[in-house]
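Please look at the sequence and the structure below, and keep both in view while reading the explanation that follows.

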Amino acid sequence: MPALSLNNQNLPYPDPLHPIVVHFVIAMVLFSFVCDVLGYFTRNVRLFEVSFWNMFVASAAIFIAVILGQFEAGLANIYPAVQPTLNFHTLMGWSLAAIVVGITAWRFVIRKRTPRKVPPAYLGAATFLVWLVCLQVYLGSKLVWVYGLHIEPVVQAMKQGVSP
């Protein structure tokens with residue numbers, strides 16, 4: 001099997017794709033939560049529709065984000081200090097994918113049964129999801145801004161044998 005031609009960031013394409021798709025998912029989950037909270041207090045059914053469709057698309061996009069993350073993590077130069085954070089970030093990513101799909105399925109059932117309201121229990125679960133997303137954002141940011149995964153100076157230093 002021929003080896004991939006990698007650029008200065010250790011990627012076969014110009015920039016990492018994982019953060020692009022992840023930010024799309026983050027925005028959709030957070031916007032969905034805001035729409036549900038606003039819809040709950042204003043009784044605006046249209047906000048519930050916007051919320052559901054955001055979660056629906058986020059459910060599909062999160063798997064693309066996780067798969068791209070796995071691919072790009074496999075191409076990264078992993079050194080011992082990075083490993084615990086990367087492992088936790090990976091575990092959280094797959095867990096979040098399952099949780100987002102589960103909450104979307106629950107939201108679908110709520111939408112079918114009582115389209116004009118969402119129960120407080122759902123809002124509690126959505127709040128927990130938002131908290132998990134924020135934790136995942138922290139871990140991802142740490143991988144890039146603290147450990148320098150796929151950051152050109154770090155990649156070049158490691159190719160020259162300098163270990164962070």
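The side chain of D36 reaches the side chain of S51 in a polar contact of 2.8 Å, where a polar contact is a pair of N or O atoms within 3.5 Å, one able, within protein, to donate a hydrogen and the other to accept it, and residues adjacent in sequence count only if both atoms are side-chain atoms. The model is predicted, so local features need pLDDT of at least 70 and side-chain atom pairs count only at pLDDT 80 or more, while totals for chains, interfaces and linings use all residues. Residues are numbered from 1 along each chain as its sequence is written, and side-chain values use heavy atoms, with hydrogens and water left out.

D36 belongs to helix α1, residues 18-42, a helix being a DSSP run of H or I of at least four residues, numbered from the N terminus. D36 is buried, with a relative accessible area of 0%; buried means under 20% relative accessible area, with a 1.4 Å probe and protein chains only. Beyond its neighbours within four places in sequence, D36 is in contact with F48, S51, R107, V118, Y122 and L123, contact meaning heavy atoms within 4.5 Å.

Y122 leads on to the largest nonpolar core, of 25 residues, where Y122 is among those that touch the most other members. Such a core is a set of buried Ala, Val, Leu, Ile, Met, Phe, Trp, Tyr and Cys residues joined through side-chain atoms within 4.5 Å. Helices α1, α2, α3 and α4 each supply at least two residues of this core, and the largest share, eight residues, comes from α4.

Technical notes
Buried means under 20% relative accessible area, exposed over 50%, partly exposed in between (1.4 Å probe, protein chains only).
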